[in-house]
Amino acid sequence: MKTIKSNIIGHILIIFTVLVWGGTFISTKVLVIENMAPMEIALYRFIIAYIILCIIHPKITKTSLKQELSFFLLGFSGVTLYFLFENNALLYTSASNASFIVSTAPLLTAILAHHTTNEKMRKNFITGFIFAAVGIFFIVFNGKFILNLNPFGDFLALLSAAAWAVYSILIKKSANDYDVFFANRKIFFYGIITIIPFILFSDNTLNLDLLLHPVLTANILFLGIIASALCYVLWQHAVI
C-alpha cells in the first residue's frame with residue numbers, strides 16, 4: 001500500500017512539474033522576443049533558483065571529488081546544455097513546436113537507459129508514450145495538422161530533449177544519496193558556472209535594464225522560483 005501511495009504521489013509531482021515546464025516555453029519566448037539573450041535568460045533563472053535553495057537549505061554536506069564531478073555533469077547536461085539548446089531553439093521555431101519536440105525526452109531517456117543500464121523498454125511504456133504524444137500534439141497544435149516546421153530550430157529542441165535524457169539517467173545514478181535541496185543547489189551552482197563561458201564568448205551583453213520591466217521580471221521570477229527552484233526539486237523527488 002505504501003508503494004502504491006508513493007507511486008501516486010510521484011505521478012502527481014511529475015504531472016505538476018510537466019505542466020509548469022510546459023508554460024516555460026511561453027515565458028521564455030516572451031523574453032526572447034524582447035531581445036533577452038537565450039543564455040542570459042538561463043543565467044538569471046538559475047541564479048534566482050540557487051539563491052532560493054541556499055535560503056531554504058543552507059546546510060553544507062561534504063562530498064568527494066567523484067561526487068563533485070557527478071554534480072558538475074548534472075549541471076552541465078540538465079542546466080547548461082538543456083537551456084542552451086532550448087532557449088536558442090525558441091529564436092528560430094515556435095513555442096508550440098519546441099514544447100512538443102522536447103516532450104519526447106521521456107522516450108529518449110528510456111532508449112538511453114535501455115542501452116546504458118539494466119532498464120528494459122516495456123511495450124506498455126511505448127504504447128503509453130504514443131498515446132501521450134498524440135494527446136500532447138492535439139493540445140499544443142489545437143488539432144491542426146499543418147505544422148510550421150523550422151529544421152534548425154526544431155533540431156535544437158530535439159538536442160534539448162537529448163540533454164534532458166542524459167540528465168535524467170545521471171541523476172538516478174548520482175544524486176539519490178543526497179538531500180534533494182542540497183543536490184539541486186549543487187546542480188544549479190555548476191549550471192551557473194558552465195553558463196557563464198557561453199555568455200562571455202558570445203556577442204551578447206547582459207541587458208539588466210530589461211529586468212526593470214514588470215512583465216519581464218515576472219517571467220524571470222516564474223522561471224527561477226517556480227520552474228527551477230521548485231520543479232527541479234519535485235522532479236528529483238519523483239524520479240528517484
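Leaving aside neighbours within four places in sequence, Phe-188 is in contact with Phe-46, Ala-49, Tyr-50, Leu-53, Val-79, Ser-228, Ala-229 and Tyr-232. The model described here is predicted. Phe-188 is also among the residues with the most contacts inside the largest nonpolar core, and it belongs to the contact between helices H8 and H9.

**Nonpolar cores**

- The largest nonpolar core has 46 residues, and those with the most contacts inside it are Phe-46, Phe-71, Trp-164, Ile-187, Phe-188 and Tyr-232.
- At least two residues of this core come from each of the helices H1 (2–33), H2 (38–56), H3 (65–92), H4 (95–102), H7 (151–174), H8 (180–200) and H9 (214–239).
- A second, separate core consists of 10 residues, including Tyr-44, Ile-48, Leu-216 and Leu-223.
- In soluble globular proteins, nonpolar side chains tend to be buried together.

**Packing of H8 and H9**

- The axes of H8 and H9 are 10 Å apart, and the two helices pack at an angle of about 120°.
- H8 and H9 are therefore oblique to each other.
- The crossing of H8 past H9 is right-handed.
- H8 contributes Val-180, Phe-181, Ala-183, Asn-184 and Phe-188 to the contact, while H9 contributes Ser-228, Ala-229, Tyr-232, Val-233, Gln-236 and His-237.
- Sorted by class, this contact of H8 with H9 comprises 7 nonpolar, 4 polar and no charged residues.

**Ala-113**

- Ala-113 lies in helix H5, which covers residues 105–116.
- Ala-113 has a relative accessible area of 3% and is therefore buried, since buried means under 20%.
- Ala-113 and Val-166 are 53 residues apart along the chain, and their C-alpha atoms are separated by 9.0 Å.

Terms used
Residues are numbered from 1 along each chain as its sequence is written. This is a predicted model: local features need pLDDT of at least 70, side-chain atom pairs count only at pLDDT 80 or more; totals for chains, interfaces and linings use all residues. Side-chain values use heavy atoms; hydrogens and water are left out. A nonpolar core is a set of buried Ala, Val, Leu, Ile, Met, Phe, Trp, Tyr and Cys residues joined through side-chain atoms within 4.5 Å. Buried means under 20% relative accessible area, exposed over 50%, partly exposed in between (1.4 Å probe, protein chains only). Helices (H or I, at least four residues) and strands (E, at least two) are DSSP runs, numbered from the N terminus. Contact means heavy atoms within 4.5 Å. Axes are lines fitted to C-alpha atoms, for helices over the stretch in contact, and angles run from 0 to 180 degrees between N-to-C directions. Angles under 35 degrees count as roughly parallel, over 145 as roughly antiparallel, 65 to 115 as roughly perpendicular and the rest as oblique. A crossing is left-handed if the near helix is turned anticlockwise from the far one by less than a right angle, and right-handed if clockwise. Ala, Val, Leu, Ile, Met, Phe, Trp, Tyr, Cys and Pro count as nonpolar, Asp, Glu, Lys and Arg as charged, and the others, Gly among them, as polar.
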